[in-house]
Amino acid sequence: MLKKRLRALEIFESKPLPTWGPDLSGLNFDDITFYIDPTEKRFQSWDEVPADVKQVYERIGVPEAERKFLAGVVAQYESEGLYNSLKDKWAKLGVIFCSMDEAVQKYPDMVKEYFMTRCVPAGDNKFAALHGAVWSGGAFLYVPPSVKLEEPVQTYFFMNAETYGQFEHTLIIIDKGAKCHYIEGCTAPKYGRHSLHSAVVEVFVKEGGQGRYTTIQNWSTDVYNLNTKRALVEKDGQMEWVGGSLGSGVTMLYPCSMLIGQGARADHLNIAIAGPGQHKDTGAKVIHGAPGTSSSIISKSIAFGGGISSYRGLTRITKGAKGAKTKTQCDALLMDNQSKANTWPHMYVYEPDAQVGHEATTSRIEAEQLFYLRSRGLTEAEAVAMIVNGFLEPVVKELPLEYAVELNRLIGLEMEGSVG
Amino acid sequence: MKTDIRVVIARNDEAVEQVFELTEPGAELKLYVLGRAEAGQKLSAKTRVIHRSPDTKSQTIVRGLALGNGHLSFSGAVELPTGAKGADGRFRADVLLAGPDATAEAFPILEVGENTVSAAHAAAIGRVSDKQLFYLRSRGLTEKEAAELIAQGFFQPVLSELSEKNVKMITKELYEA
């Protein structure tokens, strides 16, 4: 692992900062502490937590105990009871779920085979290289063949600062015919100490396997969120990426599905919200590298208060991927004149026996829609929130219920005062 | 206001960006971008439509046909920056890969900074859609006949909207690019 880190550091130092996306010139690598003791707290007590932070938790309905963790008052929160009983059940099935640090010690062979090798190699991009050098924390999940986990696996279960580290690495291996839904993150704002977040998520879906990775990110707006998430999907495998990017100042995130086996399938559902001072550059990448593969991308973004929201996507059909089909739908809701919405899809079709479709719209909340809802007794803020939630519905309906509820409330909060 | 109609034909050389700016309030533009790549050809077209005034309207219609191992590359941007109040910008690209080794790339771009607009784009690349094939086959054609018929008539929807004089000129350029 040390050798891997040193090699990654070399790569990091040799690559320039990407300039094709949002402005990253504010990043000062010398200022960043690359390893912070996870038990170090941001606020020394609940009293120190700012009133507006407390208000958000109140409005979203975050349980009392979680609030302290999210505000950085305590370093750990484990939903002990629930977690332990599931842990036992899974252990009996042969499922391995532990922290990434632990996995390096306990399962070195698997780590050697899968960790930043075929999926996200260190040379992939500058931030993957940085991650490769300084990563710590994260989770390791292995699901044995034919094991279908009905309950989602949530990092919520050991919600401690380690798993939410700035350079966390998540490695998920879903063996043949297995099924698993992994949930990471939380809707409520998370106040970190770190200004740069470069996580890497690698998912291996083997033949016939089904994987779903749900993530909601709501970092405080002083954070640069530059992640690399990728899945390798083998024959007849299915991968679903469901994500919401709510917080952070600058986010660059393009979950990628590499469909390398015949009949493999990927579905990407994404929400990006860019409010004042936020720049979201998100999208999806799908590479069809085998025949009979199919994919669908739905991206919903909202820009308000001067925020910038961009969809940047890549769909590639390689030669020989006969019968490949892909469809992308990206919609942007622009709330005012100060904000911007961009759509930059890239379609490369190198196999004529394929069908590639793409549609995008950029719109606003129509005055007639607002008028109608207000005539039914809703306040303007309530009407806006309702319309926005309806706009996001295709993605939100795929989120676990508690996230959906929290997300709806959060949006209600954000949209208050955004109409103008 | 009279709609300004322009036609851009995909060429062999390095794609020079053709920029169309709508500077008069209420101006309307209909831009056709056509490309027909035969075996051995690599053609490209790059366009940019910028709405610099309120109430402007644009439609970019791209139709590309690649035969044999021909290659087409289309980049088309529609920009509605702040100030383009009430503007309407649309883009639609249909690229048919009719040859056994035909390939294409498409980059439809939408950049919006003004929220009181209507902006949309759509692109479809690949072989003849299943729906179209089904329809023609239900009328008695074989799959091969259906595909050939569609390729032959591919530019018809666009050409039928232009004047005869222009059609002759455009067809000539299209087939000789």
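Biologist: What should I know before reading residue names and values?

Modeller: Residues are numbered from 1 along each chain as its sequence is written, and chains are lettered from A in the order in which they are written. The model is predicted, so local features need pLDDT of at least 70 and side-chain atom pairs count only at pLDDT 80 or more, while totals for chains, interfaces and linings use all residues; side-chain values use heavy atoms, without hydrogens and water.

Biologist: How many salt bridges are there over all chains?

Modeller: The search finds 33. A salt bridge here is a side-chain nitrogen of Lys or Arg within 4 Å of a carboxyl oxygen of Asp or Glu.

Biologist: Which residue pairs with D94(B)?

Modeller: R63(B), with the closest N and O atoms 3.7 Å apart. D94(B) is in strand 7 and R63(B) in strand 5 (residues 57–66) of chain B, so the pair ties together parts 31 residues apart in sequence. Strands are DSSP runs of E, at least two residues, and helices are runs of H or I, at least four, numbered from the N terminus.

Biologist: Is D94(B) buried or exposed?

Modeller: Buried, with a relative accessible area of 16%. Buried means under 20%, exposed over 50%, and partly exposed in between (1.4 Å probe, protein chains only).
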